[in-house]
Amino acid sequence: MSSSSSSSTRRLLAASFTSLVLGASALVLAPSALHADQRPVPAAAAATGAELFAQNCVACHGAKGDGDGPAATALNPKPRKLSGKDVMSKISDQQIMQVIKSGGQASGKSPLMPAFAQLSDPQIKSLVSHIRALCACDFKP
Ligand code: HEC
């Protein structure tokens with residue numbers, strides 16, 4: 001257990017949390033008040049995992065992946081706690097990609113986890129990396 005690697009993990013988490021908070025507040029403040037042509041165009045190809053997560057996932061999974069987004073109270077089952085090391089280290093990157101791409105139902109989970117078929121494979125991979133930063137864990141078969 002090297003302390004330098006865990007402090008760089010903390011820095012990474014702090015940085016991604018900051019961008020999530022900014023992203024989440026942009027999400028709350030953004031669309032309806034603006035005319036369509038004034039809305040920011042999502043820079044899909046350039047978006048990082050943190051940005052994609054803020055745009056698509058925080059409403060349910062929460063800014064830090066704690067499963068406590070504003071929409072979570074209305075959901076049953078609750079959104080997965082993506083920050084949970086124990087659970088997330090049992091789920092492979094492949095499974096995570098599949099669930100994001102095809103939705104919960106296709107993997108025998110709740111249909112409340114939507115499919116994000118519009119995201120490209122590289123975008124989904126960057127989301128998986130972001131989730132791995134949130135749980136500070138890797139798949140342990
Ligand atoms: C509308 C709410 C909602 C949104 C938006 C949402 N999720 Fe989920 N997600 C859920 C729920 C509910 C579950 C729990 C499904 C279950 O336990 O059966 C879940 C489960 C998951 C899981 C766990 C899968 C497993 O194998 O257990 C992952 C990973 C995940 N979501 C990632 C994401 C990512 C990444 C995004 C954004 C691209 C996202 N979710 C957006 C509601 C949501």
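Select Gln123, Ile124, Leu127, His130, Ile131, Ala133 and Leu134 first: these residues of H6 are buried in this predicted model. Viewed down the helix, they lie on the same side of H6, because they cover an arc of only 165° around the axis. Next, colour Asp121 and Pro122, the exposed residues carried by the face of H6 that is turned away from its buried side.

Now display the whole of helix H6, residues 121-135. Its 15 residues should span 21 Å at 1.5 Å a residue, and the end C-alpha atoms are 21 Å apart, which agrees. Step just past H6 to Ala136, where the backbone takes a positive phi of about 50°.

**The nonpolar core**

Which residues of the largest nonpolar core touch the most other members? Select Phe53, Val58, Ile100, Leu127 and Ile131, which hold that position among the 19 residues of the core. The elements that give two or more residues to this core are helix H2 (49-56), H3, H5 and H6. Of these, H6 gives the most, with five residues. Leu127 and Ile131 have already been selected as buried residues of H6.

Centre the view on Ile100 and leave aside residues up to four places away in sequence. Ile100 then touches Phe116, Leu119, Ile124 and Leu127. Two of these contacts, Ile124 and Leu127, belong to the buried set of H6.

**Val99**

The last stop is Val99, which lies in helix H5. Is Val99 buried or exposed? Val99 is buried, because 22 other C-beta atoms lie within 10 Å, and the cut-off for a buried residue is 20 or more.

Show the contacts of Val99, again not counting residues up to four places away in sequence: they are Gly104, Ser107, Lys109 and Met113. To finish, draw a line from Val99 to Met113, C-alpha to C-alpha: the two residues are 14 residues apart in sequence and 7.9 Å apart in space.

How values were computed
Residues numbered from 1 in each chain as written. Predicted model: local features only at pLDDT ≥ 70, side-chain atom pairs only at ≥ 80, totals over all residues. Helix = DSSP H or I, 4+ residues; strand = E, 2+ residues; numbered from the N terminus. Expected span 1.5 Å × (residues − 1). Buried ≥ 20, exposed ≤ 12 C-beta atoms within 10 Å, placed from the backbone. Arc of directions from axis to C-beta. Contact = placed C-beta atoms within 7 Å. Core = buried A, V, L, I, M, F, W, Y, C linked by C-beta atoms within 7 Å.
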